[in-house]
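Open the structure in your viewer and keep the selection tool at hand. The stops below say what to pick and what is there.

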Amino acid sequence: MKGLMDPLKSTVNDSNFKVAVSSLDSLAAMIENAGAALQPFFKAITPSLSEALGNMKQQVQGAASRCLTAMMQEDGAGRVFDRLGGCFKHKNQRVRNQVG
């Protein structure tokens, strides 16, 4: 699973928004279908998802939100918000708005 997560994590914030959205959609589908197997990776992918929330394209922001929602359903909202704690003071206003 790690061999698949590393490339996905790096393409989530790709400058090409179509690549980023595809990666986020794939990640959301993986979390929904194999969430328990991916729980060890949630901490590692959360920073990439928070950066995707700050993307200028709404499609990327929406796809990142879907991933975080899937993570919340699998791992619990409290744990995901604990991982996103630093985003409330993020330098990018879009990240702060999406998280808050």
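**Aromatic rings and a charge**

Start with the aromatic side chains: a search for paired rings among Phe, Tyr and Trp, with centres within 6.5 Å, gives zero aromatic pairs. Keep in mind that this model is predicted. Now select phenylalanine 17 and lysine 57. Lysine 57 sits over the face of the phenylalanine 17 ring, 4.7 Å from the ring centre.

**The whole chain**

Zoom out and switch to a cartoon view. What does the protein chain contain? It has six helices and zero strands. Followed along the sequence, the pattern reads α-α-α-α-α-α. Colour by burial next: 38% of the 100 residues of the protein chain count as buried. Then show the surface. The accessible area of the protein chain is about 5,600 Å², and carbon and sulfur atoms hold 51% of that. Contacts reach along the sequence too. Among those in the protein chain with a separation of 6 or more, 59% join residues 24 or more positions apart.

**The core**

Go inside. The largest nonpolar core has 26 residues. Select Leu24, Leu27, Ile31, Leu49 and Met71: these touch the most other members. Which helices supply at least two residues each? They are H1 (2-11), H2 (17-38), H3 (42-53) and H4 (58-75). H2 gives the largest share of this core, with eight residues.

Stay on leucine 27 and show its surroundings. Beyond its neighbours within four places in sequence, leucine 27 is in contact with Met5, Leu8, Val12, Ile45, Leu49 and Cys67.

**Helix H3**

Select residues 42-53, which make up H3. Check the length with the distance tool on the end C-alpha atoms. The 12 residues of H3 should span 16 Å at 1.5 Å a residue, and the end C-alpha atoms are 16 Å apart, which agrees. Now pick out the buried residues of H3: Phe42, Ile45, Thr46, Ser48, Leu49, Ser50, Ala52 and Leu53.

**Glutamate 32**

For the last stop, return to helix H2 and select glutamate 32, which lies there. Is glutamate 32 buried or exposed? Its relative accessibility is 55%, so glutamate 32 counts as exposed, the cut-off being over 50%. Glutamate 32 and threonine 69 are 37 residues apart in sequence, and their C-alpha atoms are 9.7 Å apart in space.

Note on methods:
Residues are numbered from 1 along each chain as its sequence is written. This is a predicted model: local features need pLDDT of at least 70, side-chain atom pairs count only at pLDDT 80 or more; totals for chains, interfaces and linings use all residues. Side-chain values use heavy atoms; hydrogens and water are left out. Rings of Phe, Tyr and Trp (its six-membered ring) pair if their centres lie within 6.5 Å; planes under 30 degrees apart count as stacked, over 60 as edge-to-face and the rest as tilted. A charge sits over a ring if NZ of Lys or CZ of Arg is within 6 Å of the ring centre and within 35 degrees of the ring normal. A nonpolar core is a set of buried Ala, Val, Leu, Ile, Met, Phe, Trp, Tyr and Cys residues joined through side-chain atoms within 4.5 Å. Buried means under 20% relative accessible area, exposed over 50%, partly exposed in between (1.4 Å probe, protein chains only). Helices (H or I, at least four residues) and strands (E, at least two) are DSSP runs, numbered from the N terminus. Contact means heavy atoms within 4.5 Å. The expected span of a helix is 1.5 Å times one less than its number of residues. Accessible areas come from the Shrake-Rupley method with a 1.4 Å probe; for residues, only the protein chains shown count as cover.
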